[in-house]
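These entries record what I looked up in the structure. I began with the chain as a whole and then went through its sheets and helices.

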Amino acid sequence: MGGVDYPRTYQEFGSWFGNDADCREYLATLRWPTGFECPRCGHEQCWITGRGLRMCRACAVKTSVTAGTIFHRSHTPLSTWFAAIWMITSQKNGVSAQGLQDALGFGSYETAWAWLHKLRRAMVRPGRDLLGGTDRQGRPVGVELDQSFLGGRTPWKPGSGSAKVPITIAVERTAAGRLGRARLEVASRPGSKDMVDFAREVITPGTMIHTDGAAAFLSLPRLGYGHQVSPSTQNSLRVENIDAVTPGPHLVSSLLKRWTAGTLHHNLSRRHLPYYLDEFTFRFNRRNSRARGMLFYRLLQQAVETDPHPLKDLTGG
Ligand SMILES: [Zn+2]
């Protein structure tokens, strides 16, 4: 609830998180929503030491609120992390590494870049729900599945080549005809075989999947899905307007291109592309959320459940 669980405005944000102890106690409520539990013996009562550690009253083991989270061993004050997360979530399109560096006064671009990448790893909720299935009223939710390309004329970073990268896009179409949640993936190569594998990973069995009717999709019914070829493909041998075949993925693809051009200034490498897709998906799936503070809350909640990613892991050594 806004104003209770998370701050609704910048003013509330400022008064809630004035110092590191406030930030730490807030993280503790996210990490132990039903109260502290000792990681060694399971005891539920603790003392809080002068350094803010939780010391189990039964076995005396000390636990840091941030241990094992993305804030683990960070030398930066938690309040700076909170400010970064507020910036990232309070703006509809997020922030670039340069923007974050300028706003928080980081000494280096690399620090801001690494922070954004750590946070992107927290944007993927492990075990998040599959697409499709039924809505709250029990009506079926379909999924449109297609592929798009990112790059091409975009100057990729040196060494990554300049080829277009195929992106598989699955997006829900609700009973009311609206777009629901999306999932995106970098495909290893263009073609529908990869898309079928992706469908099996992210779509609830039994869901009606709408495609352009390529041969590989004919296996979908055998895999437990419904399959419907978009009418515009069925009705004419030659498709005049390719965008009309799967309008959902097409729209998602245009938004993705606009975001990579606008916020990231095309400054993204192929190797890290999956994580940019995670951030895009996090934003897209919450695009109708009017409470920006809710995104702040969700991202922090997922951050305390996300393993630390030292810089060398992020850059691959
Ligand atoms: Zn204990």
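**Entry 1. Overall chain.** Of the contacts in the protein chain with a separation of 6 or more, 55% are between residues 24 or more positions apart. I note that I am working from a predicted model. I then looked up the secondary structure and found 11 helices and 8 strands in the protein chain. The chain has 317 residues, and buried residues make up 32% of them.

**Entry 2. The sheet of three strands.** I traced an open sheet of 3 strands, ordered β1-β2-β3, with antiparallel pairing. Its edge strands are β1 (46-48) and β3 (62-63), each of which pairs on one side only. I recorded 3 bridges between β1 and strand β2 (residues 54-56), and these two strands run antiparallel. For W47, I found the bridge partner in β2 to be M55.

**Entry 3. A60.** I next examined the loop between β2 and β3, where A60 is placed. A60 is not a glycine, yet I read a positive phi of about 65° for it.

Entry 4. I followed a second open sheet, in which 5 strands take the order β6-β5-β4-β7-β8 and the pairing is mixed. Here the edge strands are β6 (179-186) and β8 (226-229), and each pairs on one side only. From one strand to the next, the twist averages 25°. I then looked at one pair within this sheet: strand β4 (residues 142-150) and strand β5 (residues 165-173) are joined in the antiparallel sense over 9 bridges. In this pair, I found L150 opposite V165 of β5.

**Entry 5. Helices across the sheet.** Which strands does α6 lie across? I found that α6 lies across β4, β5, β6 and β7 (208-211), and that it runs at about 40° to β5. I also looked up helix α9 (residues 273-284), which lies across β5 and β6 and runs at about 175° to β6.

**Entry 6. K193.** Within helix α6 (residues 192-202) I selected K193. K193 has 15 C-beta neighbours inside 10 Å and therefore counts as partly exposed.

**Entry 7. α2 against α3.** I turned to helix packing. The axes of helix α2 (residues 20-31) and α3 come within 8 Å and cross at roughly 65°. That angle makes α2 roughly perpendicular to α3. At this contact, D20, C23 and R24 in α2 meet L78, S79 and F82 in α3. I sorted the residues of the contact into 3 nonpolar, 1 polar and 2 charged.

**Entry 8. α3 against α4.** How do the axes of α3 and α4 cross, and within what distance do they come? The axes of helix α3 (residues 78-90) and helix α4 (residues 97-104) come within 11 Å, with a crossing of roughly 135°. The crossing in which α3 passes α4 is right-handed. I listed T80, A83, A84 and M87 of α3 and L100, A103 and L104 of α4 as the residues that make the contact. They divide into 6 nonpolar, 1 polar and no charged.

Methods. Residues numbered from 1 in each chain as written. Predicted model: local features only at pLDDT ≥ 70, side-chain atom pairs only at ≥ 80, totals over all residues. Axes fitted to C-alpha atoms, helices over the stretch in contact; angles between N-to-C directions. Helix = DSSP H or I, 4+ residues; strand = E, 2+ residues; numbered from the N terminus. Left-handed = near helix turned anticlockwise from the far one by under 90°. Contact = placed C-beta atoms within 7 Å. Nonpolar A, V, L, I, M, F, W, Y, C, P; charged D, E, K, R; others polar. Buried ≥ 20, exposed ≤ 12 C-beta atoms within 10 Å, placed from the backbone. Pairing = 2+ DSSP bridges. Parallel < 35°, antiparallel > 145°, perpendicular 65-115°, else oblique.
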